[in-house]
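I opened the model and kept notes in the order in which I looked things up.

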Amino acid sequence: MSYAYLFKYIIIGDTGVGKSCLLLQFTDKRFQPVHDLTIGVEFGARMITIDGKQIKLQIWDTAGQESFRSITRSYYRGAAGALLVYDITRRDTFNHLTTWLEDARQHSNSNMVIMLIGNKSDLEARRDVKKEEGEAFAREHGLIFMETSAKTAANVEEAFINTAKEIYQKIQDGVFDINNEANGIKIGPQHSPSPSLPSSSGGGAQGSGCC
Amino acid sequence: MAFLQWRRFNFFDKEILKDTESDQVYDKLKDVNISACVSGRGQLIVGDHEGYVYLINKQLSLNMFKAYEIRVSHLYQLKQHNLLVSIGEDEQGINPLIKVWNLDKMEKGGPLCTRISRAIPNNKATPVTCLVVHENLNWMAVGFENGSVMLFKGDVTRDRHNKSRIVHETSRPVTALEFRTQGKNIFLFVVTEASVVSINISGKQDAKNTLEQFGGKLGGVVMSDHNQDNQLVVARPDAVYFYQSDSRGPCLAFEGEKLRLHWFRNYLIVVGKEDKTLPRPVQLGGQTMEMNIVTVYDIQNKFIAYSAPFPDVIDVLSEWGCVYILGGDRKIYQLQEKDTQTKLEMLFKKNNYTLAISLAKSQQYDQEGLIDIFTQYGDHLYSKGDHDGAIDQYIKTIGKLEASYVIRKFLDAQRIHNLTKYLQALHKQQQATEEHTTLLLNCYTKLKDVNKLDEFIMTKDREVDFDVETAIRVCRQAGYFEHALFLAEKHGKHEWYLRIQLEDIKQYQRALQYISKLEFSEAEKNVKRYGKVLMAEVPQETTELLKRLCTDYRPTDKPLVDQNMYDGTVGHIEKAQAENFIHIFVNNSERLTEFLEHMIRVQPNSPSLLYNSLLELYLHDIVHETDSMKKTERVRKTEELLKNPDAKYDLDQAMVLCQMNDFKVGILYLYEKAHLYQQILRYHMEHDDYVNVIETCKKFGQQDSNLWVQALSYFARKEDDCKPQLMEVLSQIDKKNLLPPLLVIQTLAHNSTATLSVVKDYIIRRLQMENDQIAEDERLIKQYREDTDKKRAQIEELKTTAKVFQASKCNICNHPLELPSVHFLCEPHSYHQHCFESYAENDSECPVCAAENRKIMDIIRAQEQSRDLHEQFHNQLQRSQDGFSVVADYFGRGVFNKVTLITDSPARQTSKSPATSRYV
Ligand SMILES: Nc1nc2c(ncn2[C@@H]2O[C@H](COP(=O)(O)OP(=O)(O)OP(=O)(O)O)[C@@H](O)[C@H]2O)c(=O)[nH]1
Ligand SMILES: [Mg+2]
Ligand SMILES: [Zn+2]
Ligand SMILES: [Zn+2]
């Protein structure tokens, strides 16, 4: 299937927070109740539409286990978006966010859009991290924030799509150099860079109202 | 430390290959110094350091041929062609030769060798490290220890027309080469110990893409199958990495040093160095052998399908549906995959249904089998109390597994939410019966889940997957009337709709509006059915509807101009019969009056029932109206109705009605209309209305003179003094000669007040008249007698004397008569014969008299026919005042005679009887 853009995402966060489940829910609309530990880095893809444009999301689901950290780090490079996930029923996963964030900032490009996700919102009874805390953390570090449930699918679409919207906006604003694949953005096969697209060199013509 | 590995199963059976004949362990490779192994076209092929190639077939018989003088170093077996490509040396030193063998052409010394060419990059002597051939037989690549890759383009099987070039050069030895075709592009993967590079070799210029800055070792690279997108798989100590032609793919962190990779079906087979914690060297021929671990990974389903130690593995091959591990002990170990059912059962035992399902799916398990797994899984989750999970599984069984099985389970457990979900799914898949719909709706209502109910019922354009009537019924029973109404309206269940509106929520107005929108026949039917209720509740609107229904009905939401009118074909206007709706008005006479008046005005030729009813209403009103103004108005209207020439009321009925309500004007009008003058008279008599008695006689005496007679006896009986009236009556009776005087006297004799003076004049005049009459009669008798005598004489004369015909002219042509001639006794008439013949209708009748004769004959004939009319006779006799004259008349007409036309006997009217004779 043809697409206008391809965005690369990574999903990071402690083991068991539900990264693979989020991906599965987003790509297959399924939930996996058993914890199948991710060993290494897995991959998923889905097409979405933003502003009438087909966008392919290529998502790298990384293992949260400490021992895989060296392997997974090598996948940070070339990601345009990151979902940083913690588990609202486990405070330690929230406490580790700073480490994850440092790691991500260090190994990825500086423009990467990071979405902070408090997952397992369906387990309200076992909540250990308040929503406000997540919001505060996100505000402090300039991240977007959302609480999701990979089980009920609540906010799952939104999490992935809002991240894409943010990236798309950054492209429109000329923040991303779309010709550099290291930024995690690729122009679709038949969508070679057209003059109407704003490049990093400056704001191009607005209102790309063509088909 | 967490358990950082996939689940482990034992899905393969291990066996050491044995010689089929001796049943001893297969050891034909015992002394072979193996340098290379391949498989793929029905045999295992091994090359050795002595230059031999060994071919082992399924029966394990071994063939060998000498391929090189010195040694074989590399072998490549094509999959789609029975071609074997080898690299080895015929001379000492570094002098690798490529040879291509056609295995289909076996000769004495071995298969046909179709090509021999040198493989020396840039004339630098360097050992070959790897070899790959493209299945299209157009590409071949050889990697060298010095880091260069030589690519051959052109027919692989021949030496000629081949072009070779160096496509890649690095400082590190090349460890693996693989081709990958992607559409029109052909990529060559080059793996060295320090990099992974893909080169697009199909373009004009080689396009190189460095995919990774670290590489893999010899043997540690393999191509995956299409399920894994034909990715290149490279083993490294920390993980196994996958590569697309343009980028790195996922990675699997299988730790440990990996010696070889092999791909079998959907499995990645990794030969790893034995874990340091298990040093168990094996003694073999005095040699110490290391143990390797062979692990079979199911990449797709993420589990380990087999794992076991093997001694110093030389290579892993696959052929005949099995995996063969060539051990350092020169034994061949066969790994046979268990069949799917066995594997599934193993998974069931561990309650690992999720895996069982994905496994079954990846093995193209059939639907039945899958359903079976879903059911088992559902049962398992249910028994664990995971109802949410269980229902998800059961939902997947819909269409196969009996729904009642699931429903009962969840009903018993009172899991309404789960049950609802299941029932919804049943509906979505069009598998729901009426009971299911009922149950689902009951679930919704029990859960008070109006949103779901809305969604189920109210969603516009939703495909209907349930029984509508059932749904209406359930909603209604549960009190969700709006839902029921919505359905009823949407699906045109008018009766349901109206019953709910009228019986449950009592929205009469809405019900009425609904009916107004229906097509005629439906509207009519429903008004008949529910009219009474509607009339009782919303009389005005109901009446209006009825008016329209009985005149020019059209559904309210229909455009005024419809297609028919465009077409010019005026649609047939349907209207209902007003009389069928009268009963609807029950006690609402006001509305009924309005309705009937409307109908009669719009359709004057309405049936009599309408007029009768209206009349009845009017009369009833007159009787019960107290306000005199209104009463007069009513009377006026009633009269108007009665006198309206168009009014089609039934006369008898109207009469009865007027009488019952004692509506004088009406009664009299109707009598008159029916020509019942006697009744009028009697009416006045009963009311002793002398003036009107006389008036009536005057008015109608013309039509019925008997009135006077009755008046006479009426007044005669009166004891009051009614002389003037009597005088009046008598004078009329006298003038019209209505009664014989004797009877008049007799009648008056009853009256005590009638004096002689009243009748004196009358009697005298009558007697005088009688005398005159007698005289006249006698004169007539005398005259008739004379006539009769005259006729008799004439007859006598005709009989006895000759008749002289003296006529000189023909009665037809008026010319002088000459012979031959014809004479008739009548007149007498004479004719020329030729004149007679041309005029006469028959030759026995006088043409001149014929017309007159015929008239008389016809009269006689008519009389004869009417002789049967006793009825008529009796009627006339009864009606007549003078019965005698009637009898005389009939008698005279021969009614009582046996009259036949042949007789000559003269009838009374035929004074001139036709006597005919003919002379020639
Ligand atoms: N209730 C609930 N459980 C969830 C949710 N997301 C994930 N889980 C469960 O959490 C466990 C871990 O989910 P995974 O997605 O495998 O976790 P992960 O983040 O990928 O873990 P690693 O692969 O080890 O990094 C599984 O048992 C899931 O069923 C959620 O939104 N709600
Ligand atoms: Mg995971
Ligand atoms: Zn005549
Ligand atoms: Zn004549």
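Where is the place of K338(B)? I found K338(B) in the loop between β31 (332-337) and α1 (340-349) of chain B. I take helices (H or I, at least four residues) and strands (E, at least two) as DSSP runs, numbered from the N terminus.

Ground rules, noted before going on. This is a predicted model, where local features need pLDDT of at least 70 and side-chain atom pairs count only at pLDDT 80 or more, while totals for chains, interfaces and linings use all residues. Residues are numbered from 1 along each chain as its sequence is written, chains are lettered from A and ligands numbered from 1 in the order in which they are written, and side-chain values use heavy atoms, with hydrogens and water left out.

**K338(B), continued.** I looked up its accessibility: K338(B) is buried, at 18% relative accessibility. Buried means under 20% relative accessible area, exposed over 50%, and partly exposed in between (1.4 Å probe, protein chains only). The K338(B) side chain reaches the backbone oxygen of N10(B) at 2.7 Å.

**Chain A.** I counted six helices and seven strands. Their order from the N terminus is β-α-β-β-α-β-α-α-β-α-β-α-β. Of its 211 residues, 51% count as buried.

**Ligand 1.** I listed the shell: 26 residues surround ligand 1, and the closest are T15(A), K19(A), T38(A), D122(A) and A150(A). A residue is near a molecule if one of its heavy atoms lies within 4 Å of it. By class, the shell has nine nonpolar, eleven polar and six charged residues. Here Ala, Val, Leu, Ile, Met, Phe, Trp, Tyr, Cys and Pro count as nonpolar, Asp, Glu, Lys and Arg as charged, and the others, Gly among them, as polar. Helix α1 (residues 19-28) of chain A gives the largest share of the shell, three residues.

I then checked polar contacts (pairs of N or O atoms within 3.5 Å; within protein, one must be able to donate a hydrogen and the other to accept it, and residues adjacent in sequence count only if both atoms are side-chain atoms). An oxygen atom of ligand 1 is 2.4 Å from an N or O atom in the side chain of T15(A).

**Ligand 2.** I looked up the protein donors of this magnesium ion and found S20(A) (OG) and T38(A) (OG1), lying 1.9 Å from it. The two are 18 residues apart, with S20(A) in helix α1 and T38(A) in the loop between α1 and β2 (41-50) of chain A. Donors are N, O and S atoms within 2.8 Å of the metal (3.2 Å for Na, K and Ca); water is not among the atoms, so sites may look incomplete. S20(A) is partly exposed at 26% relative accessibility, whereas T38(A) is buried at 8%.

**Phi check.** Most residues other than glycine have a negative phi. K120(A) has a positive phi of about 70 degrees. I placed K120(A) in the loop between β5 (113-119) and α5 (131-141) of chain A.
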